[in-house]
Each structure stands twice: as structure tokens, then as C-alpha cells.
Amino acid sequence: MDSDALFTLGEPARAPGAPGGSGGGDGFTETRADSPLPVRMRPAGIDELVGQEHLLAPGAPLRQLVEGAAPMSVILWGPPGSGKTTIAHLVARTTDRRFVAMSALSAGVKDVRAVIETARRQRRSGGPPTVLFIDEVHRFSKTQQDSLLAAVEDRTVTLLAATTENPYFSVISPLLSRCVLLTLQALDDDAVRGLLRRAVADERGLGGALVLTEEAEDHLVRLAGGDVRKALTALEAAAATATALGAGRIDLAVAEQAVDVAAVRYDRDGDAHYDVTSAFIKSMRGSDVDAALHWLARMLVAGEDARFIARRLVIFASEDVGMADPTALTVATAAAHAVEYVGLPEVQLNLAQAVIHLTTAPKSNSATTAIGAAVADVRAGRGGPVPRGLRDAHYSGARGLGHGAGYRYPHDDHRGVVTQQYAPDDLVGTDYYQPSGHGAERAVATRLPLLRRIVRGLPTPATRVGAPVAVAGARAGGSEQASGASEGGSDAAEGDEQ
């Protein structure tokens, strides 16, 4: 069976002068007048490529790949709409190479091996080198990726692979090591805006037949979220709606009608951004879970960076919930991890769960005020030398300097806490942490006064002789020798970390 007939992205490139067919002669389906707008607006050359300036410098791997200057295998990693397939089209137009395109969604090991065998025969007969483009390469199994190794190693084929998934997790290490990894970035708003304007004016696009208003343009840019394919698809839909209505321009109402998404007033660099973020934080702080979810939805629909939202949740977990619910920080951190691991749109579920947890949790800003007061004292110059008993005593000669002298090992006390000076001389007796009576912090508020009395050598409430005080849950007993050994081990470990 002819392997070239297997590839759904179009017919493989023919040698110069070969008869034409239904394909575009570059390994992809031919671009026609009725092709989707994103297809018609693909760059005709590398100089039209927008948004990947970090890879387009003279001599850079991407430029070498497109211009055919070096037969290196490349993995393109980037979000949807960042230009991976566009780059493949540009490579396909290099006429001295045979270009074969396949999708990992439909191809298998047999298909890969057939392409490699054809490439090997052509290479032996002096034919053109073969570039094999595999879209969504992360969909290939380990076995399918293994089938590429030898051919990539000896350059029977030059591999051009595209993936939206992190290749360090989705591509096997031997294949990754044989390729140059190029990371494509999502296009920024200015780049998307420029491509929309090009599509409106260019003969390949709307040819100037319609005017795109500034409000509608802003709406399409926001909807795109850095995905130029999405932006051009929405523009095409809006153009069709305007034409059907007999309008000569695409305004905001037409754009909203075409893509069925209302414009949300939310400029990621303007006042609305800060106002919505402020309302979001204050709604969580005020325990209004419904309002907090509204502001979360407002940010998500407006295309706010999910990482920004996650960072605010992690901060809020300690700033406003704190010790009243110590699990809040764990929940917020897990949501932040989910943003990187899962991504949108699914991660909105994780963000919503975290917002609900943080908003309905008991609140305490004691950690915020405690560290604020401590930092203020340090900046004011308060403090002093480290008490002699707390100084590092594990190195040779430290004992002769008096370091560690008089240090009492808390675990040797049946209560797990001992009277001892830990603060510098001029901060003895300073209370930074003031626990609230909310949630889990209520137990801390009960325990803390007793801890401070014992540590500072103040009178404590009478307890039964020999009865352990429930302050630290430490074991009782322990010899002086054990104390010294434990102290030395702790100091040594700390010294290693330093």
C-alpha cells in the first residue's frame, strides 16, 4: 500500500515539475477561496510570521529550519494558535525537500515505518531529503515514538513535530535528545490585533470590504486569549454576520452576535482589572462566596491569566485565612499547581473549589500582622546578637567561644518546652503573634499564653506534680548526654543546609 495515501492532512509534496493534484504541493490541503480565514491568512514567508521574535533572529534554529539551512529535527512546543502548523507550512514550501504530514490522532507505527522506508529508498537513489511533520506528537505512544528513533538519528528523515503538551512529560527522552526543542509563546494582544487588521485589509482575507470598529477589535482580541486561530475564526464569523445584515462594518453588537459571547469590560492593563481583582479579594475576605464566584467568573471569561488568579489565592490563604484554617494554604497551593498541570478550561473547577474553601473558611490576619510587626522592628534596627546558647556549636572551636553554653534541649523536659531566652536582648517579652479566636486558631489562642509563660520563666497555673502539660506533645525524660547528641545532630544538619 502506498504510504503517501495515508495522511489526512493532504498529499505529500511532489518533486518539482511533477503533475499537480488535489493537494497544495506542500504536504497540506490546497488553500482555496473558500478555505477558512485562518488558513487563507497563513504567512507566505517567514518574514510574515508574528509573535515568535525570540526564535526568528538571523541564524536562529527556527529560521534555519524554515529556510532549509540545516537538516535538524525539531519539536515545536506551544499553546494552540501560536503558529506551530504555520511553521510547518513554511517548511513545506522549501522546494528541495519532500514533505510528508501526518497527525498522531490517526497515524500508527505502520504508517510511520512506511514513510521512513520510502524516505530511505529515495535517499539511496539520490532523491530529495524528507521532512516528516507529525502534529500532536504527544498523542503517540512510547512504541510509536520509538519507531522514529533510528530514522531521526541517521537523518533518514528530518522530524518536525508539534505538541501543546510539555514534551518533557509527553515525549520520550531518547527522541527529545535527538531534536532541538523550540518553545513558542502565546501571541500577545498587540500581535493578535495586528493580524486581525491584516486579515481585514489583505486580499487573502476580507479585502477591505468591511470595517472593524475598535470596540469589536478589542472584543475579538480578548476572546482570542493569545490564540490567533481563534481570533481569525471569530472575525470570519463576525464578517459573515455583518454581510448577512447588510452592514458595512463589524461593530461590537455584530461581534457579540456572531460568537455568542458578551463583551466583558475588563482590560488586563487598566482600571477594570484592578477593580475586579479588588472586588474578588474583598468578597472572599467578607465571606460572600457567591460574589467571589462571580468575580472569578468575570476574570476567567475576560481571559485573565489563570496563574495570576492562583497567585492571589495563595497570598489570600495566609493573609486573610491563616491559622484559622491552616489547610487553606494547602488548598490554594494545590489549585496553583493544577493551573500548571491541567490548564484552562478545566482548571476553572479547581480555582472555583479553592475560592469556595477560602471564602467560607474562618478568617484570621494574625500571620499578616505578626510578620508585619517583626519586619518593622528589624527595619527600625531593633534586635541584637544571637543569644550565646543558641549559636552554632557543631564546629571545632565553637565550644571554646561559649557557643551553645547553657542551651536547654526542650525534648528533655516532660512538657516539651523549657524556660530559655530565644529572642535578642532588646526584644525579650515582645509579642508579635496575636491569635484570633476563629476556627482552628482558637486552640492556639488557648495554648500560646501557657507556652509564653513557660519559655519566659513566668508563673504558670498550678498543675499536678509530674503531669505533662499539653503544650507540645513531647516525650518525657532523656539524659544530658542524649540532649547533647540531639543538639549536635540538629546543629550539624542546619549547618549542612547553610
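Which residues does leucine 313 touch, not counting residues up to four places away in sequence?

**Figure 1. Overview of the predicted model.** This is a predicted model, in which local features need pLDDT of at least 70 and side-chain atom pairs count only at pLDDT 80 or more, while totals for chains, interfaces and linings use all residues. Residues are numbered from 1 along each chain as its sequence is written, and side-chain values use heavy atoms, with hydrogens and water left out. The protein comprises 20 helices and seven strands; helices (H or I, at least four residues) and strands (E, at least two) are DSSP runs, numbered from the N terminus. Of its 498 residues, 43% count as buried, where buried means under 20% relative accessible area, exposed over 50%, and partly exposed in between (1.4 Å probe, protein chains only). Among contacts (heavy atoms within 4.5 Å) between residues at least 6 apart in sequence, 70% join residues at least 24 apart.

**Figure 2. Leucine 313 in the largest nonpolar core.** A nonpolar core is a set of buried Ala, Val, Leu, Ile, Met, Phe, Trp, Tyr and Cys residues joined through side-chain atoms within 4.5 Å. The largest such core has 28 residues, and those touching the most other members are Phe280, Met284, Leu296, Ile309, Leu313, Leu351 and Leu358. Two or more residues each are given to this core by helix 13 (271-285), helix 14 (289-301), helix 15 (306-321), helix 16 (327-341) and helix 17 (347-360). Helix 15 supplies the largest share, eight residues. Residues up to four places away in sequence aside, leucine 313 touches Phe280, Met284, Ala332, Leu351, Ala354, Val355 and Leu358. A second, separate core holds 27 residues, including Leu196, Leu210, Ala234 and Val254.

**Figure 3. Strand 2 and its cover.** Six parallel bridges join strand 2 to strand 3 (residues 130-135). Valine 100 has leucine 132 in strand 3 as its bridge partner, and serine 103 has aspartate 135 in strand 3. Six of the six residues of strand 2 are buried: Arg98, Val100 and Met102 lie on one side, and Phe99, Ala101 and Ser103 on the other. The chain passes from strand 2 through helix 4 to strand 3 in a right-handed β-α-β crossover; right-handed means that, with the strands pointing away from the viewer, the path from the first strand over the helix to the second runs clockwise.

Figure 4. Threonine 241 is part of helix 11 (residues 228-244). This threonine counts as buried because its relative accessibility is 15%. Apart from neighbours within four places in sequence, threonine 241 is in contact with Val254, Gln257 and Ala258. Glycine 225 occupies the loop between helix 10 (214-224) and helix 11, and is partly exposed, with a relative accessible area of 48%. The C-alpha atoms of glycine 225 and alanine 186 are separated by 8.2 Å, although these residues are 39 residues apart along the chain.

**Figure 5. Two loop residues with positive phi.** Most residues other than glycine have a negative phi. Arginine 155, which is not a glycine, has a positive phi of about 60°; this residue lies in the loop between helix 6 (149-153) and strand 4. At 48% relative accessibility, arginine 155 is partly exposed. Serine 287 likewise has a positive phi, near 65°, and is placed in the loop between helix 13 and helix 14. The relative accessible area of serine 287 is 40%, so this residue counts as partly exposed.

How values were computed: Two strands pair if DSSP finds at least two bridges between them.
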